[in-house]
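Look at the sequence and the model below before reading on.

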Amino acid sequence: METALGRNLVRAGMLLALIGVWQLVGNDTIGLLFPTFGRTLAAFWTLVSDGTLQMALFVTNQSLAVGFLVMLVIGIPLGIVTARVSLLDRIVTPYITFLVAIPVIALIPVVQALMGLTFAARVTVVVLFGIPYIIINTAVAVRRVDPMLTEMATSFGASPWVRLRDVVLPAAVPGIMAGIRIALGQALIGMVVAELTIVGAGIGSLIADLQGRFRVAPVLAIAVTIVLEGVLLMTIVEWIERRLGRWSQS
């Protein structure tokens, strides 16, 4: 079981066991009850065959893609700067702690009042859900870089930019990527929450419509699809993390 094949067999066995339990506990006698795996799969195929699910995912993932890009562009540099400039750290950290401590969903009415039922409002909610974790993890990772490394680079005449590019960032990659993985999971939650609470669009609109008609199986099929999308995105991030890990070690 220590090999990759063994681990994959264990995972496949656990997945099959989960599907078996799902099929057994489900009840298809009434549409309102928890559906079996077979009925959920049939509902998924119906949503896919007429293109409903693909179109909803396309609309929804626009806010996720833009929001995640904004998180990276703002969060990583801000985390680096807060780790290096103590004054900025004292100014920014309380607000970041505030975002982590409170349920972000409580801020959604404020976002809606400021931006209305717009695409920018959905993107803002996605960013609020994830960006604190990128800033915090980046700042912690940069602070934990061995000072001997930067002092050695300085003694060889490296400029601040060269020290950041060749010493600090490679050493901080694991911490930064850990923050990105957490932020991605939070962004997925924010993506769905934004559409369920601010404006009916994409997956949120589809879920609300199906819930209103008490169609449990399609709702469950959509929920499983979002989970699978999250797993796929996390796998991609882990792959990027491994590639960056090789770069940082080199």
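What follows is a short walk through some helices and side chains.

The model is predicted, so local features need pLDDT of at least 70 and side-chain atom pairs count only at pLDDT 80 or more, while totals for chains, interfaces and linings use all residues. Residues are numbered from 1 along each chain as its sequence is written, and side-chain values use heavy atoms, with hydrogens and water left out.

Start with a pair of helices. Helices here are DSSP runs of H or I with at least four residues, numbered from the N terminus. Two packed helices are described by the angle between their axes and the distance between the axes. For helix α3 (residues 52–84) and helix α8 (residues 160–197), the angle is about 145° and the axes are 9 Å apart. Such axes are lines fitted to C-alpha atoms over the stretch in contact, and the angle runs from 0 to 180 degrees between N-to-C directions. The residues in contact (heavy atoms within 4.5 Å) include V59, L64, F68 and I76 of α3 and V168, I176, L184 and L188 of α8.

In one of them, the side chains of E241 and R181 meet at 3.0 Å, N to O. Because E241 lies in helix α10 and R181 in helix α8, this pair ties together parts that are 60 residues apart in sequence. E241 counts as buried at 17% relative accessibility, whereas R181 is partly exposed at 25%. Here buried means under 20% relative accessible area, exposed over 50%, and partly exposed in between, with a 1.4 Å probe and protein chains only.

Another salt bridge joins R165 and D166 at 2.9 Å. R165 is partly exposed at 38%, and D166 is partly exposed at 44%.

Next comes helix α9 (residues 202–212), whose buried residues are G202, I203, G204, L206, I207 and L210. D209 and R213 form a salt bridge of 2.8 Å. After α9 comes F214, with a positive phi near 55°.

Finally, turn to helix α10 (residues 216–249), where W239 is found. W239 is partly exposed, at 46% relative accessibility. Together with L232, I236, I240, L244 and W247, W239 forms a nonpolar surface patch with about 570 Å² of accessible area.

Terms used
Patches are made of residues with over 30% relative accessible area and no salt bridge: like charges are joined within 9 Å, nonpolar side chains (Val, Leu, Ile, Met, Phe, Trp, Tyr) within 5 Å. Accessible areas come from the Shrake-Rupley method with a 1.4 Å probe; for residues, only the protein chains shown count as cover. A salt bridge is a side-chain nitrogen of Lys or Arg within 4 Å of a carboxyl oxygen of Asp or Glu. Helices (H or I, at least four residues) and strands (E, at least two) are DSSP runs, numbered from the N terminus.
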